[in-house]
Amino acid sequence: MSDALVRAIDYHTGGEPFRIVTGGVEPPRGATILDKRRDALERLDHVRRLLVYEPRGHADMYGCFVVEPNDDGADLGVVFFHNAGYSTACGHGTIALVTWALDEGIVPRREGENRVVVDVPSGRLETWARVEGGRVRSVRFRNVPSYVWAEGLEAAGRRVDVAFGGAFYASLEERVERAELPRLIELGRAIKRALEAAHEIVHPLEPELRDVYGVIFWQEEGEGPPLTQRNVAVFADGEVDRSPCGSGTSARLALLDRSGRLPRGEELRHLSIVGSEFRGRVVGDAEIAGIPAVVTEVEGSAYCTGEHVFTLDPDDPLGEGFLLR
């Protein structure tokens, strides 16, 4: 690493950063995306730390390795990373990745709707990018089937619901304001610990899709329509999602569909703690090992913020970096 130059390009989706490795690193190896995810943990975790940790990143940094898809049925593959490791899903990252792939000509771009298929650890996603005036204006992705895992569980003195949207999220109503973030971060960590201590939360078909990835705090916003909620997701090791959280939006849609709050085909206007917006809806039914599930679509926009060449001075006493939170 001391002699390496790691190249990356940064985007943000709804305010949430996404650092895409573009050079200087051998991509993760393996026959499938989950194999590549395991390989990244074993061989490339020093790169993740270098790019996520301070002083080159921060506790809320997110990024990815671009990899070959599982087969020729997809255009791209991706391994996501964050402050605590490697996630199984990342909606804001998928939106940013597809925008980058079209911006850079990795995937051909044309005016109108562009279909791009992406293999992520949780499965294969169809996406549609809207191009107007030569620019990607938004990306909509159809997620893997989402379902409600449990409702009304007790955790850290709260009642929470757990749903899967590519990863497992606990969900509860709380006041979502910037001044509340320190409290919500600690509460999110406590809820995650309590749920994982009391329950084995695992996908019925893929054992690597397991445990509570994040805790979503949400509040109602206005009367609607459309149904509007503001949320903040605290995920990984106390990481705060600045976007409305793409895979978390799918988990929320599964719960809203189950409760009847969101009629089929109608949109959820999902706001983040910084005011950015995703639009989501349930578009169909599915089944996972006999469990009722729903098919969801989530749409948002991403923007390039810069390109980087990262180095590591062999004499730097802080090495690959550090995290303060």
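The structure is a predicted model, in which local features need pLDDT of at least 70 and side-chain atom pairs count only at pLDDT 80 or more, while totals for chains, interfaces and linings use all residues. Residues are numbered from 1 along each chain as its sequence is written, and side-chain values use heavy atoms, with hydrogens and water left out. The chain holds 5 helices and 17 strands (DSSP runs numbered from the N terminus: helices are H or I of at least four residues, strands E of at least two). Its radius of gyration is 19 Å, close to the 20 Å that the globule rule gives for 325 residues, so the chain is as compact as a globular protein of that length (the radius is taken over C-alpha atoms, and the rule is 2.2 Å times the number of residues to the power 0.38).

**Overall fold**

- Along the principal axes, the C-alpha atoms fill a box of roughly 55 × 45 × 40 Å.
- Of the 325 residues, 56% count as buried (under 20% relative accessible area; exposed is over 50% and partly exposed in between, with a 1.4 Å probe and protein chains only).
- Among contacts (heavy atoms within 4.5 Å) between residues at least 6 apart in sequence, 62% join residues at least 24 apart.

**Cavities and pocket**

- The whole structure contains 2 cavities of 30 Å³ or more (on a 1 Å grid over the protein atoms alone, a cavity is a set of points where a 1.4 Å probe fits but cannot get out; a pocket is an open set with protein on both sides within 12 Å along at least five of seven lines; lining residues have an atom within 4 Å of a point).
- The largest cavity has about 70 Å³ of space (a volume is the space filled by probe spheres set on the points, which are joined across faces, edges and corners).
- Helix H3 (91–103) and helix H5 (246–259) are the elements that give two or more residues to the lining of the largest cavity.
- The lining of the largest cavity includes Tyr-62, His-92, Tyr-169 and Asp-241, and it divides into 7 nonpolar, 4 polar and 1 charged (Ala, Val, Leu, Ile, Met, Phe, Trp, Tyr, Cys and Pro count as nonpolar, Asp, Glu, Lys and Arg as charged, and the others, Gly among them, as polar).
- The second largest cavity has about 50 Å³ of space; its lining, with Thr-94, Val-120 and Phe-141 among the residues, divides into 5 nonpolar, 6 polar and no charged.
- The largest pocket has about 270 Å³ of space, and of its 17 lining residues the closest to the centre are Arg-37, Tyr-86, Arg-210, Asp-211 and Tyr-213.
- The lining of the largest pocket divides into 8 nonpolar, 3 polar and 6 charged.

**Helix H4**

- The 18 residues of H4 (residues 181–198) should span 26 Å at 1.5 Å a residue, and the end C-alpha atoms are 25 Å apart, which agrees (the expected span is 1.5 Å times one less than the number of residues).
- The buried residues of H4 include Leu-181, Leu-184, Arg-189 and Leu-195; strand E8 (147–155) and strand E11 (212–220) are among the elements that cover the buried residues.

**Backbone sites**

- Most residues other than glycine have a negative phi, and most peptide bonds are trans.
- A cis peptide bond, with omega of about 10°, joins Glu-54 and Pro-55; Pro-55 is in the loop between helix H2 (45–52) and strand E3 (63–67).
- Asp-211, in the loop between H4 and E11, has a positive phi of about 70° and is partly exposed, with a relative accessible area of 31%.
- Ala-236, in the loop between E12 and E13, has a positive phi of about 50° and is buried, with a relative accessible area of 14%.
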